[in-house]
Each structure stands twice: as C-alpha cells, then as structure tokens.
Amino acid sequence: MSKQRARVWAGIDAGKGHHWAAVVDETGATLWSKKIDNDESAILTALGEILGLADEVHWAVDISSRSSALLLALLAAHGQRAVYVPGRTVNRMAGVYRGEAKTDARDAYVIAETACHRRDFATLDVPAQLAADLALLTAHRTDLVTDRVRTVNRLRDVLTGMFPALERAFDYSARKGALVLLTGYQTPAALRRRGLARLTAWLVNRGVRNADSVAATAVEAAQAQQTALPGEDAAAQIIADLATQILALDDRLKRIDRQIRDTFRTHPQAEIIESLPGMGPILGAEFVVAAGDMTAYADAGHLASAAGLVPVPRDSGRRTGSLHRPKRYSRRLRRVFYLSAQTSIIGDGPNRDHYLKKRGEGCKHQAVIALARRRTSVLWALLRDDRTFTPTPPIPQTA
C-alpha cells in the first residue's frame, strides 16, 4: 500500500467534453493522470481517487468559464477550492519543461507544477445565484448585440449592391423607421410606384416616427436611381428578411435589458453602483460579473490593476520610468470603467471637470483612461463604506 502523502497538487486541463487531471507531489513526480468525462459520476469518481492520495489537495484549473462549471461546483460541494491558472501562463510555463509535444496530459501536468511553485493565483469560487444569473444574462445580451451588428452589416452590403442611394440615406443601426420601410419596399421601382403620400400613410400605420421624413428620403433616393440591377428580386427578398431579423433582435434586446435591470436591482449594492454617474443597470451588471467578490481587492489600486488601468514599468539598466499598458487584465472590467467614464463626461459635474483638466494638461488620448482610473477609487470607496455617490462632500453639521 502506498504511503499517504501530506500534500499534493492537482492540475486540470478543462474542456467541453472531457477534462484531463494530473496530480504531482512536491518533487514533481506524477502520482495520478487520467482523462475525466465532463459528467457528474465520472468527476465524482476521479475526485474520490485524488482525495485518497493525500491529506491535502491543492486544485488548479486553466478555464473558469461554463465548461468547468460542473467541475467547480462539485469541488465546492466537497469542501475543495481551486485556483485559476491563466492559459497564457500555462503556455509560457510549458517551455520550461523538456519536449515540444502538446497534449492534454502534459498541459494538466504543467498546470499542477505551476500551482505547486506559485502561490499568487486567484481562487475560483462558485458564484452565487444572483451573480450566475447576471453572468448568463449579460453573456446572452452580448451575443445578441454581436448578431445585430453582423446582420446590419450584411444588410448594408446587400443594399449597396442593389440600391446604393437608399443605403446612404439612413443609419440602419439606429433608425427603426428605415428598417420598417425595408420590410415592405426595397427597390427603386417599388418606392416610385407607391408614391410619397401612400408610403407615408403605410409607415404611419406601422407606428414609424417622422414617417413623412422617412418617406420623403426614400422616394428621393428612388428618383435618383432609374436602373434595375441584375438579381434585384432575390436581393429584395434577402433585404426584407434581414430587416425583419434586426427588428426581432431589437425586441429581444429590449426584453433582455429589462430582465437584466430587474435582476441587477435585487443586488444589495445596486443603488450604490448606479449612483456613480455613467453606471446604469447594464454596466452595473457587467461590473458585478467581471469584478466578482470585492473582498478579493485589498484596495482601489488592486481593482484598477485588475481592470488594466494601472501602467506597468519596463525598466532596464539606465532606462527607468518607462511605463507601458499592461497585457494581463480583465478586458470586460476595463470596458465597464471605460464606457461608464465616457458616459459620465456628457453632462456637467466632477467627472467632466476632471476630464477637461486632464485634457488641459495635454493628456488628449489618456484623459478618459485617467478619469476611469479615478472612478475605480471612487467606486471602491463607495462599496467599502456602503454609501451612495454625492458630487459634493456633505456640509458638516454645527452644534
């Protein structure tokens, strides 16, 4: 019978269909290495075998997304915690070991060895129900927005090849009336036959705002092109279908936005997050998902560093003070602070004043980044003290 060890490290190369786990001891010797199906019974079986190898098992995984959700949940249910070893780190550490082969077994071994030698990796916690709901909703919203952008670009491309004057006439990413128009009329001849008065009435019956302006612009474009291009009938059908898809996506986005808003506002600190200018329910929900547990950040600087808003030095020899943009940070968290900072400077207030001050100092392109960095400190302090944002400090009460 093998001797029970005090401590081992288990590295898991996670995947959609299966995982590969490798267990090493403090000397780097492989104690256990197997393929594990992404199935509850298979994971529980492997979990029991690995836990029987030592008194204490340190777990590490290279994926923290949905593909490892079941694995992390089962680890948490058995009182085990895992750390996240980024793929970039695994890729670079693989070059330290002998050989050039890349297999799941070797990646799992590298993950376990890396976790053995380093103690500064972030711990992965199973998200609470609210955070899990917001993660799914915001991810679905991102997919819908991506589909909408792609469909609008396809619409403009087909329309350019058939009716370029009408393609130039409207901004199809923002004008619902133009999309409604395309569901019924796509060709110059059809618009000319309909005429201005009848087209206006048709748009009004479908609830289009400024129907007369939309109709006048469309008829003017139709008058500018008298030539029917080859493939016009097929293109017209495609354009009508794409316009219908975009309108349907707009309705789905409105529903998901309402769902995100209602779910986010059940968060205990939702009012505090929304009190910061530029932070609405959508960005607030993305902040909750991207930032995770705020206790993981010792101070505002750690939060700003996680968002990639703190420059990193690259000094060498006599060259000192060389600061560069970081490469390892949460893109999603940076996007939240960047977009909210951009929104906050629209109206007057301390955010716009700080932005203009930085612009006056010559920071033209870095002014928004500087404002975003300052806002991380403000938001961190608000959440720490559990109070809402006020643009001016409160006036002290006199006795």
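Visitor: How do you know how far the coordinates of the chain can be read?

Guide: The model is predicted, with local features requiring pLDDT of at least 70, side-chain atom pairs counting only at pLDDT 80 or more, and totals for chains, interfaces and linings using all residues. Residues are numbered from 1 along each chain as its sequence is written, and side-chain values use heavy atoms, with hydrogens and water left out. On the pLDDT scale, the predictor's confidence in each residue from 0 to 100, the chain has a mean of 90, and 97% of its residues reach 70 or more.

Visitor: What makes strand E1 a partner of strand E4?

Guide: Two strands pair if DSSP finds at least two bridges between them, and seven bridges join E1 (residues 5-13) to E4 (residues 54-61), the two running parallel. Within this pairing, Arg 7 has Glu 56 as its bridge partner, and Trp 9 stands opposite His 58.

Visitor: How many bridges join E1 to strand E2, and in which sense do the strands run?

Guide: Five bridges join E1 to E2 (residues 18-24), and these strands run antiparallel; Gly 11 stands opposite Ala 22 in E2, and a hairpin of four residues joins E1 to E2.

Visitor: Why are strands E3 and E6 called edge strands?

Guide: The open sheet has six strands in the order E3-E2-E1-E4-E5-E6, with mixed pairing, and E3 (30-37) and E6 (123-124) are its edge strands, each pairing on one side only. Helix H2 (residues 69-77) packs on this sheet, touching E1, E2, E4, E5 and E6, and its direction makes about 155° with that of E4, where contact means heavy atoms within 4.5 Å and angles run from 0 to 180 degrees between N-to-C directions, the axes being lines fitted to C-alpha atoms, for helices over the stretch in contact.

Visitor: What kind of unit do E4, H2 and E5 make?

Guide: E4, H2 and E5 make a right-handed β-α-β unit, a crossover being right-handed if, with the strands pointing away from the viewer, the path from the first strand over the helix to the second runs clockwise. Three bridges join E4 to E5 (residues 82-84), which run parallel, and they include the pairing of Trp 59 with Ala 82, while Ala 60 stands opposite Val 83.

Visitor: Why is helix H9 called oblique to helix H10?

Guide: The axes of H9 (residues 196-205) and H10 (residues 211-224) come within 9 Å and cross at roughly 135°. Angles under 35 degrees count as roughly parallel, over 145 as roughly antiparallel, 65 to 115 as roughly perpendicular and the rest as oblique, so H9 is oblique to H10. Residues making the contact include Leu 199 and Leu 203 of H9 and Val 214 and Ala 218 of H10.

Visitor: What makes helix H7 roughly perpendicular to H9?

Guide: H7 (residues 176-184) and H9 pack at an angle of about 110°, with their axes 11 Å apart, and this angle is why H7 is described as roughly perpendicular to H9. Among the residues that meet are Val 180 and Leu 181 in H7 and Trp 202 in H9.

Visitor: Why are helices H13 and H15 called roughly antiparallel?

Guide: H13 (residues 281-291) and H15 (residues 331-344) pack at an angle of about 150°, with their axes 9 Å apart, and the two helices are therefore roughly antiparallel to each other. Their contact includes Phe 287 of H13 and Phe 337 of H15.

Visitor: Which residues does Phe 389 touch, beyond those up to four places away in sequence?

Guide: Phe 389 lies in the segment after helix H17 (367-385) and touches Ser 275, Leu 276, Pro 277, Pro 350, Val 378 and Leu 382. Phe 389 and Glu 271 are 118 residues apart in sequence and 9.6 Å apart in space, C-alpha to C-alpha.
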